[in-house]
Amino acid sequence: MDSRFPSIEMLAARAKKRMPGFAYDYLTGGCFSDTNLARNTQDIQNVALKPHYLRDFNGASQKTTLFGKTYDSPFGIAPVGLQGLMWPKSCEILAAAAKLHNVPFCLSTVGTASIETIAKITEGDFWFQLYHPTDNKLRDKLIQRADQAGCNTLVLLADTPTFAYRPKEIRNGLSIPPKMTLSNLLQMTTHPRWSIAQLLAGSPEFKTMKTYIPHGLNMQHLGLFMNETFSGRLSLDKIKAIRDQWKGNLVIKGIVNPADAEIAIKLGVDGLIVSNHGGRQLDAGESSITSLSKLAQQYSDSVTLMMDGGIRSGADVASSLASGAKFTFLGRAPMFGACAMGDQGGNQVLEIFKRQLQQVMEQIGCERIDDLPKHLIN
């Protein structure tokens, strides 16, 4: 671990200096007034754990079994769209780090690396998050590619029925359709390291979708194409059709209320990722940790519950697991690492989280991940 940046906050500060403002805003922003973005981090930090200092302790293990596979730690790298805009090749950087540390990497449909590239980097040990397209034939093609590449877990995204209203992205020209502003061009010239890296890597593209995008589209028409291709809600019929053809693990991401959880469980999904999309979709919603705590009371024995949102440290991972999650996913934190340190950023972040979680478990006297709920102070 690089001792210059031993926390996610330090990596974020370093990333901000290395990135154009529009790219940093895209990474860090929420929707509307960033209210739910703030709730995510605040509510998880309000969770308190109870230590035991005077009982026998035989050491702590982070080993976690999820869907029959044992991972070295109870956290993975969440799907993030347009990673290559924030730092070139960051999608590939983070996939390689996940493979090295034996934790799952989840690729987004709108990521900047293809399914096949990530499959090669991870040796087929990856997850794929599907933005459900309006065309069922396109859906089937994407699912087939994921299956052929060795993907073992398919994640259906439920919490993007409409494109969010994000003021910073609108100001910066990153809304749909996108546009390049004079301010953005000036920002690129004042961040030569980012600009040179982009030139070497090539312009960020939706690599998985590239095969299906008509040739010759300018930025505006590309934005409109993507908008039309992925507009619409996830429905019962859509989930049923995917469950019938997908033989691997099926997970729905973005579930935050019991009614939706009940429906998903009845449809035969294997897991739920409790998430509010990092506070980027619904400013008036609950934090992820609040929704998780409620769902865990009812469904922890019925389905594998995971959480994504607001996790910035190993302590946050411990708090999430103590609150009922079986596993957690990290979105912005790994991206801060890649943007701050390039090729070594993914390793830095995962090492930080491993060391921090280990310290928390040793401090409170928790030997196994599954025992963390016993340390929750209600």
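Here are a few friendly notes on one aspartate and on the cavities in this model.

1. A word on the basis: this is a predicted model, in which local features need pLDDT of at least 70, side-chain atom pairs count only at pLDDT 80 or more, and totals for chains, interfaces and linings use all residues. Residues are numbered from 1 along each chain as its sequence is written, and side-chain values use heavy atoms, with hydrogens and water left out.

2. Asp-125 sits in the loop that runs between helix H6 (115–122) and strand E5 (127–130); helices (H or I, at least four residues) and strands (E, at least two) are DSSP runs, numbered from the N terminus. Apart from neighbours within four places in sequence, Asp-125 is in contact (heavy atoms within 4.5 Å) with Lys-69, Tyr-71, Lys-99 and Asn-152.

3. Now the cavities, each a set of points on a 1 Å grid over the protein atoms alone where a 1.4 Å probe fits but cannot get out. Three cavities of 30 Å³ or more are counted, a volume being the space filled by probe spheres set on the points.

4. The largest cavity has a volume of about 110 Å³. Its lining residues (an atom within 4 Å of a point) include Gly-84, Glu-92, Thr-112 and Lys-207.

5. The second largest cavity has a volume of about 80 Å³. Among the residues lining this second cavity are Tyr-131, His-132, Phe-230 and Arg-233.

Conventions
On a 1 Å grid over the protein atoms alone, a cavity is a set of points where a 1.4 Å probe fits but cannot get out, and a pocket is an open set with protein on both sides within 12 Å along at least five of seven lines; lining residues have an atom within 4 Å of a point.
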